[in-house]
Every structure is written in C-alpha cells, then in structure tokens.
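Here's a quick briefing to read alongside the structure.

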Amino acid sequence: MNENDRVDEATVGQFYDSLWSSGLSTAALAHGADDVGQECLLTPREIGVFAQRAGIAAGTQVLDIGSGRGGPACYLARQLGCRVVGIDISTVGHAQAIARARDEGLGHLVEFRLGGIHAVELPHGAFDVVLGLDAWCHIPRRGELLKRCAAWLRPGGRLAFYDHVELRPMPAEQRQRFCTIWRFAGLETPRSYVAAVGAAGLRLLSSEETSAYTARFYTRILEGYQEHRAEFEAARGPERYREGLERLKMTRKLAVTGVLGQLACIAENPGRA
Ligand SMILES: C[S@@+](CC[C@H](N)C(=O)[O-])C[C@H]1O[C@@H](n2cnc3c(N)ncnc32)[C@H](O)[C@@H]1O
C-alpha cells in the first residue's frame, strides 16, 4: 500500500466528527429506505448475508473495527443475536452509536469503545469474527492492523471485511489528492490486500470484487447530496458543502470509470482450537 502521510488517526476522527455533528448523514441519503445507520456501501441485506457467510450467528463474539455510528453493529445484534464490540475513533460517531444501542434496547449485546484501533488493547483470541465495513482504508499500517486482527481471533475465527480498493492505477498525484480528501491512509489493490491477509498468517477463504456497490453508492449519494443542498449548506456552511460536492463528484467518477472499487474478503485464523 502507498501510505498517505498527510493523514493520521486523529485527523480521521475529526473528519467524521465534523461530518456527523449536525446529525446529517450523506450515506443515509444513498441508502434511503434501507438506511439502518450504516456508513458503508452495503444494504442491510448485503451486510446480513456477508455476516452469515463469515459465520456470525447467535452468541458469536464480533469485533467491528471502525464501527462508525453503530448502525451495522446494532443491525447484526438485532437480526442475528450476536455480541459486538465496536471500536471507533470518531467521538461523535461513538456517541451516536451508544445512543442507537440504548434506543434499540441492545445494551446487553453491543458495546462501543472510543479510540484508534492501533492504540486499543484487546484480549488475544477473544473474538470469533473481526469485521470491517468500508473503514480500514482510513487505518494506517495495514499490515500491522491485519496481524493484530489475527491475534484477536480465536483459532478457527474469521476475518471478514469490505473495503475500498484501487482497481486501476491512478497517477500518484491523483491518488494522493483522493486519499487526502477522504482522509484515507492509502488504498490497497485487490492483490496487495489478499497478500497482506496472507502475510498476517490468515488463510483466505474467499475474496470477491464487489465494485458494482461502489458505483451504486457514490452515484446515489451524489444525487442525494445535490437534492438536499439547502439542508447541507445550512448545517455545514456553503464552503464545506462545496468541498463535499467536489469529493463526491471525484469519487463517483473514479467509481464509474472502474478505477475505484470494493473488495470483500473472508479469511480464517488457521491456528488449532
Ligand atoms: C465509512 S465509516 C464506516 C463505519 C461503519 N463501518 C459503517 O459501515 O457504518 C468509517 C469509520 O471508520 C472509523 N475509523 C477510521 N480510522 C479509524 C481508526 N484508526 N480506528 C478506529 N476507527 C477508525 C471512522 O471514524 C469512521 O467511523
């Protein structure tokens, strides 16, 4: 991965804090009736199918890294009866996640912790599934992250993530600009991601390019953002509205031209139980 040294974990937290502090979410516009508070590109059904493929069921202990506003964690706990620990670096996202769990009466199944994943201490071998939904592109030192995920999994436990990937190489300057406007630590390619998973000692069970979701999401989000311009301008100010518009236009273009895509991976900790 080409690391973007202009982005550190704290910068990412502030980025999401400022996006979410007004209570508005552009992702909610893209998801419409399918909004369950998820900021990833997936519908609730797609999240549920993926979770089940990863082995999540009642009682499964899940670690959700980059849990955002808590939508997917609460959805999975409600639908499947799993237990989820969600970690996120955004103070605002964390507070909204706690409020969501409380409002949905899920406090006995979900727990949210505030912090950067590289700084948290978690017990080794404690999780059946480590989950990531379009969050890890923000996290620096991805090889180290994957090794830590492997250590947090019990033997036979599974890593399951969706993430943004670079399908066709962007010029270095464009990649730098793209990663900086999204506060991405850097983009993997499908091949470099799969290699990093293997290098972390995990056995790949499946990897699938799901780039159609990228084009779908960024097309809808851009339409919604323009439709709701007045609301976003009132909440964020015209300057920040314009910044957001440029970010979404660039991203949609990269997605529909097949440069930016998404990868879904499931891998297993091969250690003996
Ligand atoms: C696009 S959102 C996805 C949130 C969530 N997975 C979902 O689908 O709703 C990315 C999230 O990753 C979190 N994040 C980014 N870097 C992080 C880090 N180093 N440690 C923990 N969370 C991080 C952000 O704060 C943000 O909430």
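Helix α1 gives the most to the shell around the ligand, with four residues. Keep in mind that this is a predicted model. The shell counts 24 residues in total, and the chain behind it has eleven helices and seven strands.

**Around the ligand**
- The closest residues to the ligand are Cys40, Gly66, Gly68, Ala135 and His138.
- Besides α1, which spans residues 9-20, α4 and β2 also supply at least two residues each to the shell.
- Sorted by class, the shell holds ten nonpolar, ten polar and four charged residues.

**The sheet**
- Seven strands make up an open sheet with mixed pairing, and their order is β3-β2-β1-β4-β5-β7-β6.
- β3 (110-114) and β6 (203-209) are the edge strands; each has a single partner strand, so one side of each is left without a neighbour in the sheet.
- Going from strand to neighbouring strand, the turn is 15° on average, if you ignore direction.
- Strand β1 (residues 61-65) runs parallel to β4 (residues 127-133), and three bridges link the pair.
- Asp64 sits opposite Leu131 in β4.
- Helix α4 (residues 71-80) packs on this sheet and touches β1, β2 (83-88), β3 and β4.
- The direction of α4 makes about 180° with that of β2.

**A look at Lys147**
- You'll find Lys147 in helix α6, which covers residues 142-152.
- Is Lys147 buried, exposed or partly exposed? Lys147 has 15 C-beta neighbours inside 10 Å, so it counts as partly exposed; a residue would need 20 or more to be called buried, and 12 or fewer to be called exposed.
- The C-alpha atom of Lys147 is 4.6 Å from that of Ala200, although 53 residues separate the two along the chain.

**The chain as a whole**
- A compact globule of 273 residues would have a radius of gyration near 19 Å, and the chain comes out at 18 Å, so the two agree.
- Along the principal axes, the C-alpha atoms fill a box of roughly 55 × 45 × 30 Å.
- Of the 273 residues, 46% count as buried.
- Take the contacts with a separation of 6 or more: 78% of them are between residues 24 or more positions apart.

Note on methods:
Residues numbered from 1 in each chain as written. Predicted model: local features only at pLDDT ≥ 70, side-chain atom pairs only at ≥ 80, totals over all residues. Pairing = 2+ DSSP bridges. Axes fitted to C-alpha atoms, helices over the stretch in contact; angles between N-to-C directions. Contact = placed C-beta atoms within 7 Å. Near = placed C-beta within 6 Å. Nonpolar A, V, L, I, M, F, W, Y, C, P; charged D, E, K, R; others polar. Rg over C-alpha atoms; globule rule 2.2 N^0.38 Å.
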